[in-house]
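Dear colleague,

Please find the structure handed over below.

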Amino acid sequence: MSEFVKEVNDASFERDVLEASQPVLVDFWAAWCAPCRMLAPVVEAVAEEYAASARVVKLNVDESPGVSQRYGIKGIPTLILFKGGKEEERIVGATNRDAIARIIDKHLNGAQG
């Protein structure tokens, strides 16, 4: 991964995502998924931009089927924003930086307001 995007799996998901003190955007992906690979630089840019206020992690659905099943991941890429241990927003399919930033901003502003 990178300094801004961390890899999580079935074993670390609860600690790294559900118990996190700040919002966490999870990118559900797989190596064979072309749209996932196209989305990767966008996710990376968002992670860098929000490094101080939110976390961005990736979860490989092939390597971590437990979490993927638990959240009903049917298609990838799927991005889910978690806050306070709960799913707040979900984007299925390739998207753009603005759409991702919008859901993060919405929950950051809610946290501060």
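Predicted model: local features only at pLDDT ≥ 70, side-chain atom pairs only at ≥ 80, totals over all residues.

Residues are numbered from 1 along each chain as its sequence is written, and side-chain values use heavy atoms, with hydrogens and water left out.

Sheet

Helices (H or I, at least four residues) and strands (E, at least two) are DSSP runs numbered from the N terminus, and two strands pair if DSSP finds at least two bridges between them. Five strands form an open sheet with mixed pairing, in the order E1-E3-E2-E4-E5. At its edges are strand E1 (5–8) and strand E5 (86–92), each of which pairs on one side only. From one strand to the next, the twist averages 25°; axes are lines fitted to C-alpha atoms, for helices over the stretch in contact, and angles run from 0 to 180 degrees between N-to-C directions. Strand E2 (residues 24–29) pairs with strand E4 (residues 78–83) in the antiparallel sense, over five bridges. Phe 28 stands opposite Thr 78 in E4.

Disulfide

A disulfide is a pair of cysteine sulfur atoms within 2.5 Å. A search of the whole structure finds one, and this disulfide joins Cys 33 to Cys 36, with an S to S distance of 2.3 Å. The torsion about the S-S bond of Cys 33 and Cys 36 is about 80°, so the disulfide is right-handed. Cys 33 and Cys 36 are both buried, where buried means under 20% relative accessible area, exposed over 50% and partly exposed in between (1.4 Å probe, protein chains only).

Aromatic rings

Rings of Phe, Tyr and Trp (its six-membered ring) pair if their centres lie within 6.5 Å; planes under 30 degrees apart count as stacked, over 60 as edge-to-face and the rest as tilted. By this rule the count comes to three aromatic pairs. In one of them, the rings of Phe 13 and Tyr 71 have centres 5.7 Å apart and planes at 50°, so the pair is tilted. This pair links distant parts of the chain, 58 residues apart: Phe 13 is in helix H1 (residues 13–18), and Tyr 71 is in the loop between helix H3 (65–70) and E4. Phe 13 and Phe 82 form an edge-to-face pair, 5.5 Å centre to centre with 80° between the planes. Here Phe 13 in helix H1 is linked to Phe 82 in strand E4, 69 residues apart.

Loop residues

Contact means heavy atoms within 4.5 Å. Ile 76, in the loop between H3 and E4, touches residues including Phe 28, Trp 29, Cys 33 and Cys 36, not counting residues up to four places away in sequence. Ile 76 and Cys 33 are 43 residues apart in sequence and 7.4 Å apart in space, C-alpha to C-alpha.

Ser 64 lies in the loop between strand E3 (55–60) and H3 and is buried, with a relative accessible area of 1%. Ser 64 touches Val 8, Asn 9, Asp 10 and Leu 59, with residues up to four places away in sequence not counted.

Yours sincerely
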